[in-house]
Amino acid sequence: MRDQLSLVLQAARRRGRAPDHVLLSGPPGLGKTTLAMIIAAELGTSLRVTSGPAIQHAGDLAAVLSSLEEGEVLFLDEIHRLARPAEELLYVAMEDFRVDVVVGKGAGASAIPLALPPFTVVGATTRAGLLPAPLRDRFGFTGHLDFYETHELERVLLRSAGLLGAPLAADAAAEIASRSRGTPRIANRLLRRVRDWAEVRGDGSLDLGAARAALEVYEVDERGLDRLDRAVLSALCTRFGGGPVGLTTLAVAVGEEPETVETVAEPFLVREGLIGRTPRGRVALPGAWEHLGLEPVAGPGTLFG
Ligand SMILES: Nc1ncnc2c1ncn2[C@@H]1O[C@H](COP(=O)(O)OP(=O)(O)O)[C@@H](O)[C@H]1O
Ligand SMILES: [Mg+2]
């Protein structure tokens with residue numbers, strides 16, 4: 001994706017024009033916001049940041065759009081949570097570089113078209129599927145970020161440790177990487193906890209012993225599951241007999257918002273083959289029971305019953 005994106009940016013730079021709008025999708029913590037900053041930096045322009053939930057009314061978006069300068073990058077985080085009227089305003093702005101400013105109310109209201117300088121929208125979403133097709137179609141390039149491989153996370157960790165000024169042993173990097181659920185944000189967070197442990201309870205060196213001890217304190221298991229992941233698995237296996245159970249019910253059982261369970265815990269658990277999504281709800285797969293050290297309950301609802 002880096003290759004694809006760099007082509008889009010280089011071509012635009014050569015033409016001296018703002019590049020096509022870019023949509024970045026993927027689970028949290030994989031680098032969408034970071035990439036938006038990189039896009040602006042590569043174009044030598046500034047980044048304006050806002051998000052779907054921060055825009056309550058179409059007028060809020062109109063205000064942001066009309067203050068954009070030529071070639072600027074507008075980062076719209078959580079774009080799937082933009083309100084419908086704002087979304088419609090955005091279509092027009094993205095396609096025709098124009099906003100219609102509504103003056104007055106009721107029958108006397110009129111729309112004054114306001115031309116905008118060319119700019120680039122970088123949208124980020126954890127749920128590309130929720131974007132209405134007309135909005136999705138206005139992005140000239142869509143990049144999907146996927147979970148990282150362990151060896152890629154090791155590189156991220158070694159670099160981060162360098163920035164922290166704390167040399168990280170290769171085996172410790174491998175250990176942290178393998179428990180980071182494919183996510184650079186988690187890898188960096190665990191690294192900071194390992195450093196805390198090393199400084200407070202260890203001799204300051206970030207070695208394998210420090211990594212293992214710190215990860216135990218923070219309840220990150222050998223497969224990288226944290227407390228929420230295990231809560232979801234164990235609710236699914238023990239309280240709902242392996243499912244199927246609806247997302248909302250499952251979220252209530254673990255005391256979380258459905259959106260958190262769906263975007264934070266679930267993608268990793270599905271990818272690891274621990275849970276499955278069916279039209280009737282979430283089900284525990286054999287690996288889930290095994291991971292929790294439980295005997296599978298072969299109820300009528302389970303996939304393998
Ligand atoms: N390829 C990468 N190399 C190094 N660090 C990365 C990489 N991708 C993401 N990160 C780091 O992970 C963290 C989360 O990235 P962020 O861009 O906030 O993710 P998102 O916006 O997708 O939730 C940041 O601290 C970022 O620096
Ligand atoms: Mg982000």
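Visitor: Which residues of the largest nonpolar core touch the most other members?

Guide: This is a predicted model. Its largest nonpolar core has 31 residues. Strand S1 (22-25), H2, helix H3 (58-66), strand S3 (73-77), helix H4 (84-96) and strand S6 (120-125) each supply at least two residues of that core. The residues touching the most other members are Ala36, Ile39, Leu61, Val73, Leu74, Leu89 and Val122.

Visitor: Leaving aside neighbours within four places in sequence, which residues is valine 122 in contact with?

Guide: Valine 122 is among the core residues that touch the most other members. With neighbours within four places in sequence left aside, the contacts of valine 122 are Val22, Leu24, Ala36, Ile39, Val73 and Phe75.

Visitor: How many residues does the other core have?

Guide: This core lies apart from the one of 31 residues. Leu157, Ala173, Ala177 and Leu215 are among its members. The count for this other core is 23 residues.

Visitor: Which domains does ligand 1 lie between?

Guide: The residues around ligand 1 are Pro28, Gly29, Leu30, Gly31, Lys32, Thr33, Thr34, Val156, Pro184, Arg185 and Asn188. Helix H2 (32-43) and helix H8 (184-200) are the elements that give two or more residues to this shell. Because both domains give residues to the shell, ligand 1 lies between domain 1 (2-144) and domain 2 (150-217).

Visitor: How many residues of the shell around ligand 1 are charged?

Guide: The shell around ligand 1 includes Lys32 and Arg185. By class, the shell holds 4 nonpolar and 5 polar residues, and the charged ones number 2.

Visitor: Is threonine 33 buried, exposed or partly exposed?

Guide: UniProt lists Thr33 under "binding site" in an unreviewed entry, and threonine 33 lies in helix H2. Not counting residues up to four places away in sequence, threonine 33 touches Asp77 and Ala124. A residue is buried with 20 or more other C-beta atoms within 10 Å and exposed with 12 or fewer. Threonine 33 has 18 within 10 Å, so this residue is partly exposed.

Visitor: How far apart are the end C-alpha atoms of residues 18-151?

Guide: UniProt places the feature "domain: AAA+ ATPase" at residues 18-151, in an unreviewed entry. The span is 30% helix and 27% strand. Its end C-alpha atoms are separated by 35 Å.

Visitor: What share of the residues of the chain count as buried?

Guide: The chain has 13 helices and 9 strands, and its C-alpha atoms fill a box of roughly 70 × 50 × 30 Å along the principal axes. Of its 305 residues, the share that count as buried is 35%.

Definitions and conventions. Residues numbered from 1 in each chain as written. Chains lettered and ligands numbered in written order. Predicted model: local features only at pLDDT ≥ 70, side-chain atom pairs only at ≥ 80, totals over all residues. Helix = DSSP H or I, 4+ residues; strand = E, 2+ residues; numbered from the N terminus. Near = placed C-beta within 6 Å. Nonpolar A, V, L, I, M, F, W, Y, C, P; charged D, E, K, R; others polar. Domains from an automatic or database assignment. Core = buried A, V, L, I, M, F, W, Y, C linked by C-beta atoms within 7 Å. Contact = placed C-beta atoms within 7 Å. UniProt positions renumbered as here; feature names shortened; annotations may be inferred.
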